[in-house]
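Trainee: Could you take me through one part of this model in detail, the place where the two chains meet? I'd like the cut-offs as we go.

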Amino acid sequence: MTALNAIATWLASIPWGLYILAGGASLILAVSEVVSSFEPDPVRALRTWGSTILLLLNVAMAVLILALMRSFGTVGDSPWVALAVGLGLPTLVRTRFTVMKPLPGMPASEGVEIRLDELYTRLQGFCRRRIDVALAGQRVRMVEQAMDRLELEELERKARLLLEGGLVVTASQASGYVDRILGQQEYDEERKRMLLAFAILNYGGHGMLEGMLKTAKAKPPA
Amino acid sequence: MEESWATLRELEDNLSDEEKAILEVLGQVGASTPAELAVRTFSLPEEINKPLLSLKEKQLIDISQVKGRLGGDLVTLNQRGLQMRQRLRLGRRVK
């Protein structure tokens with residue numbers, strides 16, 4: 001009972017509000033980072049595992065840094081400090097809190113030292129790559145579905161509308177691009193369908209290709 | 001490690017227009033298959049093989065494998081490629 005009481009007293013002494021504030025501010029910052037980094041597809045990017053890990057990493061880092069600062073006694077228990085830690089996380093992480101110093105007698109160049117900023121940057125890079133690969137995988141799967149379910153003529157019509165209509169794409173090379181794809185004698189129909197589906201996905205967006213796939217699903221089998 | 005300004009400048013001078021276009025697309029879209037890069041640059045897939053290999057040799061991109069029916073290569077910008085893309089964008093803004 002004494003141990004439980006001690007734990008309960010310790011838990012009650014933690015200013016949870018400050019940690020929630022720091023973590024929450026850091027979470028908002030991380031969400032805005034994902035949205036701006038993956039601008040073409042922010043919602044899909046936020047739904048990936050990489051994004052979940054990245055958001056959790058940011059919250060954990062904000063909580064850890066606030067705890068470190070409080071344990072060093074450098075800051076008081078002010079909500080403004082907690083907010084500043086959450087919002088200023090990217091800058092604070094780069095202030096190099098050393099978590100593992102070089103072994104005594106080892107020169108600094110031996111690279112034994114592991115810094116918080118390096119760990120954070122590496123983990124952040126890992127998460128970004130995961131998001132990137134997940135989004136690419138989703139696009140590939142959608143194109144595969146389009147190749148299976150959509151007719152070449154349907155894909156051609158939509159791609160022409162996008163590339164030659166001048167509403168979405170205005171680049172001069174766009175106008176003859178569909179003809180270039182269709183005119184390739186050595187390409188089989190599947191290859192042409194793949195390129196046209198990628199064109200619709202890239203210039204019309206997920207919504208457009210998804211809409212085409214839904215309509216195709218409703219069609220009775222030929 | 002950050003590349004020196006002189007090294008990146010020398011590398012930039014050796015980039016073709018196609019290579020610069022691919023770096024820009026990778027920066028905008030993220031990881032892409034060669035077919036997607038071809039569509040994004042209004043090229044045919046076989047036309048971008050050479051610039052892709054050249055970018056790989058220049059250590060600006062990484063090429064990994066992707067599963068699925070369209071399985072094959074997945075192209076991503078590496079740290080050096082990101083630096084180069086930022087440099088190219090900055091250059092365009094200055095001009």
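Mentor: Let's start with a term: a salt bridge here is a side-chain nitrogen of Lys or Arg within 4 Å of a carboxyl oxygen of Asp or Glu. This is a predicted model, so local features need pLDDT of at least 70 and side-chain atom pairs pLDDT 80 or more, while totals for chains, interfaces and linings use all residues. Residues are numbered from 1 along each chain as written, chains are lettered from A in the order written, and side-chain values use heavy atoms, without hydrogens and water.

With that in hand, look at Arg139(A) and Glu36(B), whose side chains form a salt bridge at 2.4 Å, N to O. The count between chain B and chain A is 2 salt bridges, and over all chains the structure holds 13. Arg139(A) sits in helix H7 of chain A and Glu36(B) in helix H3 of chain B, so this pair joins two chains. (Helices are DSSP runs of H or I with at least four residues, strands are E runs of at least two, and both are numbered from the N terminus.)

Now the wider interface. Going by contact (heavy atoms within 4.5 Å), 22 residues of chain B touch 29 residues of chain A. Together the chains bury about 2300 Å², 58% of it on carbon and sulfur atoms; buried area is the accessible area, with a 1.4 Å probe, that two parts lose on being put together, summed over both.

There are also 12 residue pairs in polar contact across the interface, both residues at pLDDT 80 or more. That term means a pair of N or O atoms within 3.5 Å; within protein, one must be able to donate a hydrogen and the other to accept it, and residues adjacent in sequence count only if both atoms are side-chain atoms. On the chain B side, the elements giving two or more residues are helix H2 (17-29), helix H3 (34-40) and strand E2 (72-77). H3(B), the helix that holds Glu36(B), gives the most, with 5 residues.
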